[in-house]
Amino acid sequence: RRCRDHLPIVRPAARPPPVRAARATMTLNAGSKDELATALASLALHDGDAEITSAQINALLQAVGIEVAPYWPVLFSGLLSNKEKAKDLILSGGSGGGGGGGGG
């Protein structure tokens with residue numbers, strides 16, 4: 001019998017699992033969706049230097065095919081009808097979180 005030189009078997013490296021793109025998902029209830037849509041419509045009107053009225057908000061939402069509860073545009077237009085007040089509210093960035101507990 002003849003002896004053969006045995007070479008090690010080279011196996012391909014294991015493939016890493018396929019990378020799946022992470023999807024950002026946000027689950028909102030109907031009220032939150034209405035509020036968000038109305039807020040964004042109000043911001044769009046403010047950015048366009050348009051008057052922020054419930055009629056304008058409704059027209060913009062209707063143009064993009066979004067229906068909201070009827071009180072949202074009224075609520076936002078009442079809050080943002082004064083341009084200076086709207087600007088201050090937008091630029092305020094919201095309120096900060098609660099302070100930490102006192103040491104003791």
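## Confidence

The model is predicted. Mean pLDDT for the protein chain is 78. Of its residues, 65% reach 70 or more.

Helix H2 (residues 54–63) has the highest mean, at 95. Helix H4 (residues 83–92) has the lowest, at 77.

## H1 against H2

Two packed helices are described by the angle between their axes and the distance between the axes. Helix H1 (residues 30–47) packs on H2 at about 110°. Their axes lie 9 Å apart. Angles of 65 to 115 degrees count as roughly perpendicular, so H1 and H2 are roughly perpendicular to each other.

H1 supplies Ala37, Thr38, Ala41, Ser42, Ala44 and Leu45 to the contact. H2 supplies Gln56, Ile57, Leu60 and Leu61. By class, the contact of H1 with H2 has 7 nonpolar and 3 polar residues. No charged residues take part in this contact.

## H3 against H4

H3 and H4 pack at an angle of about 100°. The distance between their axes is 7 Å. H3 and H4 are therefore also roughly perpendicular to each other.

On the H3 side, the contact is made by Gly78, Leu79 and Leu80. On the H4 side, Lys85, Ala86 and Leu89 take part. The contact of H3 with H4 has 4 nonpolar residues, 1 polar and 1 charged.

## Aromatic cluster

The structure holds 2 aromatic pairs. Tyr71 pairs with Trp72 at 5.1 Å centre to centre. Their planes are 35° apart, and the pair is tilted.

Trp72 also pairs with Phe76. Trp72 and Phe76 sit 4 residues apart in helix H3 (residues 71–80), so about one helical turn separates them.

Tyr71, Trp72 and Phe76 form one aromatic cluster. Trp72 has a relative accessible area of 10% and is buried. Phe76 has 13% relative accessibility. Buried means under 20%, so Phe76 counts as buried as well.

Notes. Residues are numbered from 1 along each chain as its sequence is written. This is a predicted model: local features need pLDDT of at least 70, side-chain atom pairs count only at pLDDT 80 or more; totals for chains, interfaces and linings use all residues. Side-chain values use heavy atoms; hydrogens and water are left out. pLDDT is the predictor's confidence in each residue, from 0 to 100. Helices (H or I, at least four residues) and strands (E, at least two) are DSSP runs, numbered from the N terminus. Rings of Phe, Tyr and Trp (its six-membered ring) pair if their centres lie within 6.5 Å; planes under 30 degrees apart count as stacked, over 60 as edge-to-face and the rest as tilted. Buried means under 20% relative accessible area, exposed over 50%, partly exposed in between (1.4 Å probe, protein chains only). Axes are lines fitted to C-alpha atoms, for helices over the stretch in contact, and angles run from 0 to 180 degrees between N-to-C directions. Angles under 35 degrees count as roughly parallel, over 145 as roughly antiparallel, 65 to 115 as roughly perpendicular and the rest as oblique. Contact means heavy atoms within 4.5 Å. Ala, Val, Leu, Ile, Met, Phe, Trp, Tyr, Cys and Pro count as nonpolar, Asp, Glu, Lys and Arg as charged, and the others, Gly among them, as polar.
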